Amino acid sequence: MSECTFCKIVNGEIPSYKVYEDRYILAFLDRNPVHEGHTLVIPKKHSETILDTDDETLRKLVVATRKISKAIYKSLKLKGFNIGINQFKVAGQAVPHLHIHIMPRHENDGLRLWPSREYESELEKMKVLEKIRKLLK
Ligand code: AMP
Ligand code: ZN
């Protein structure tokens, strides 16, 4: 038996408020929403992050996320929404089962995106570019 909270939701061991379900994907209301309708979309098959998820599952997850987002966007008459995935603990991932947040947004709703900064130099920019590109060749 899995110790993973979201696997338990998939198996029906923990109740959830289901928004959508098919063979591969489950979507349910986040129990602590940023706004009403905040939904989590997960693959039924356990993986922790996008890094250990197979391509086919990832495709299904993204396509289902679009479908569910569209329904949330229209039915709740939203002005917009954020899609978010926290990857690993340091980035705020509390549940180690891949999940996509669909977060409804409203005009002047007070939510703020992450802070940003300027690169300190051209060198800093070039160094990081080089490191990343090396692994993409
Ligand atoms: P994250 O920080 O990206 O891992 O997000 C985990 C999310 O899962 C949080 O927004 C929690 O509110 C939500 N969550 C945790 N347990 C449950 C649960 N049993 N039912 C619904 N949402 C949950
Ligand atoms: Zn799991």
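Start with the lining of the largest pocket: by class it has 10 nonpolar, 8 polar and 2 charged residues. Here Ala, Val, Leu, Ile, Met, Phe, Trp, Tyr, Cys and Pro count as nonpolar, Asp, Glu, Lys and Arg as charged, and the others, Gly among them, as polar. This is a predicted model: local features need pLDDT of at least 70, side-chain atom pairs count only at pLDDT 80 or more, and totals for chains, interfaces and linings use all residues. Residues are numbered from 1 along each chain as written, chains are lettered from A and ligands numbered from 1 in written order, and side-chain values use heavy atoms, without hydrogens and water.

Select Phe6, Ile9, Phe28, Arg31 and Leu40. Of the 20 lining residues, these lie nearest the centre of the largest pocket. A pocket is an open set of points on a 1 Å grid over the protein atoms alone, where a 1.4 Å probe fits, with protein on both sides within 12 Å along at least five of seven lines; lining residues have an atom within 4 Å of a point.

Next, show ligand 1. Where does ligand 1 sit? It sits in the largest pocket, meaning that more than half of its atoms lie within 2 Å of the grid points.

Zoom in on its polar contacts (N or O pairs within 3.5 Å). An oxygen atom of ligand 1 is 2.8 Å from a side-chain N or O atom of His99. A polar backbone atom of Gly92 is 2.7 Å from a ligand oxygen.

Finally, move to the second largest pocket. Select Asn82, Gly84, Met103, Leu113 and Trp114, the closest to its centre among 16 lining residues.

How values were computed. Polar contact = N/O pair within 3.5 Å; in protein donor to acceptor, adjacent residues only side chain to side chain.
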